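Hi everyone, and thanks for coming.

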Amino acid sequence: MQKPTPGHPVDLARNIRLLLAPNPGPMTHWGTNTYLLGNDQIAVIDPGPDNDAHFQAILDATKGATITHILVTHAHADHSPLAARLSQVTSAPVMGFGPAEAGRSDVMQRLAQANLLEGGEGVDTSFRPDMTLRDGDVVEGTDWHLGILHTPGHFAGHLSFAYGTEIFSGDHVMDWASTLISPPDGDLGAFMATCHMLKERNPNKLFPGHGAPIVAVKDRLAWLISHRKARETAILKVLKPAALTVTEITAQVYTDVPPKVLPAAARNVFAHLIDLVERKLITASPELSTKAQFHFAKV
């Protein structure tokens, strides 16, 4: 698939059009994929950033129909901010897992509340859906039917939407990059569990939050799982000689990335370290945080 032109809808499959937001970047690839599902009653999936041109493009692309649902995969700043504005104009409810912090594990809540984290992605802290969705729920229009899947990992309250044998996968699975896992919202253990769940579900195609549709779904999920296992092995290898910080581990594990990508890489490393601490394979001194020293647990 070639890069779509922002503002110009692209027909992807039955009842599905893609509308690319004009927000390209190292974390967004071409930009955010907004999906328009349906013909008469339209579900807008991931409205995207609060951008005037993209807002008008959504309205233009849905003229003659009615936007009845606004579905948000997760509350990152490149996916959810335009939802409230679109709802005000269309009266369609905004639907998502919950507020931005919803769904965090106990350890992630502790880290966030104790201010033991630094950096992270742009979270839309103002996001408040009109209707909350949970795993197993169903949302319907006149010519479409979506099954709701809770798919945490990239984000605690991340949702995916099953449309027959296809899934709108948000940022959990993309074909152009491995998914960023940035605590406290990113959770590596949850990410791996979701990958295994999606692999068992065996969808025919994935429509991601950024980039082209994914056809070789099982292969991509297998790669994501093996990629994370390889990162874990590399982290454990550099930890063997001595206790190290997140920054020191990142520099030794990510030797082939440009400096501007290292902060995001450090978030991924920290997600692995949290998971390893939770599994009691390593320990953090004096406490679990981005400033801690990490070393092998004493047996």
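Let's begin just after helix α4, where asparagine 202 takes a positive phi of about 55°. Before we go further, please keep in mind that this is a predicted model.

Now step back into the helix itself. Helix α4 covers residues 188-201, which makes 14 residues. From its first C-alpha to its last, α4 reaches 20 Å, close to the 20 Å expected at 1.5 Å a residue. At the start of α4, look for aspartate 187: one of its side-chain oxygens comes to within 3.1 Å of the backbone nitrogen of glycine 189.

Which residues of α4 are buried? They are Leu188, Ala190, Phe191, Met192, Thr194, Cys195 and Leu198. And what do those buried residues pack against? Their partners are β11, α5 (217-239) and α7 (262-278).

Side chains of opposite charge can pair when their charged atoms come close. How many salt bridges does the structure hold? There are seven, and I'll show you a few of them.

Take arginine 14 and glutamate 166, whose side chains meet in a salt bridge at 3.5 Å, N to O. Arginine 14 sits in the loop between β1 (10-13) and β2 (16-20), while glutamate 166 belongs to strand β11 (residues 166-170), so this pair ties together parts that are 152 residues apart in sequence.

Next, find aspartate 52 and arginine 85. Their side chains also form a salt bridge, this one at 2.9 Å, N to O. Aspartate 52 is in helix α1 (residues 52-61) and arginine 85 is in helix α2 (residues 82-90), so the pair ties together parts that lie 33 residues apart in sequence. Is aspartate 52 buried or exposed? Its relative accessibility is 53%, so aspartate 52 counts as exposed. Arginine 85 has a relative accessible area of 25% and is partly exposed.

One more pair for you: lysine 63 and aspartate 60 form a salt bridge, with their closest N and O atoms 3.8 Å apart. Here lysine 63 is exposed, at 65% relative accessibility, and aspartate 60 is partly exposed, at 38%. There is also a network to point out: salt bridges that share partners join Asp50, Asp52 and Arg85.

You'll find glycine 64 in the loop between α1 and β5 (66-71). Glycine 64 is exposed, with a relative accessible area of 88%. How far apart are glycine 64 and serine 289 in space? Their C-alpha atoms are 52 Å apart, and the two residues are separated by 225 residues in sequence.

Finally, let's go looking for empty space. Rolling a probe the size of a water molecule over the atoms shows where such space is left. In this model there is one cavity of 30 Å³ or more. The largest cavity holds about 60 Å³ of space. What lines it? The lining of the largest cavity is made up of 13 residues, and those nearest its centre are Ala75, Phe97, Gly98, Phe127 and Gly157.

Definitions and conventions
Residues numbered from 1 in each chain as written. Predicted model: local features only at pLDDT ≥ 70, side-chain atom pairs only at ≥ 80, totals over all residues. Heavy atoms only, no water. Salt bridge = Lys/Arg side-chain N within 4 Å of Asp/Glu carboxyl O. Helix = DSSP H or I, 4+ residues; strand = E, 2+ residues; numbered from the N terminus. Buried < 20%, exposed > 50% of the residue type's maximum accessible area, 1.4 Å probe, protein only. Expected span 1.5 Å × (residues − 1). Contact = heavy atoms within 4.5 Å. Polar contact = N/O pair within 3.5 Å; in protein donor to acceptor, adjacent residues only side chain to side chain. 1 Å grid on protein atoms, 1.4 Å probe; cavity = no way out; pocket = protein on both sides within 12 Å on 5 of 7 lines; lining within 4 Å. Points joined across faces, edges and corners; volume = space filled by probe spheres on them.
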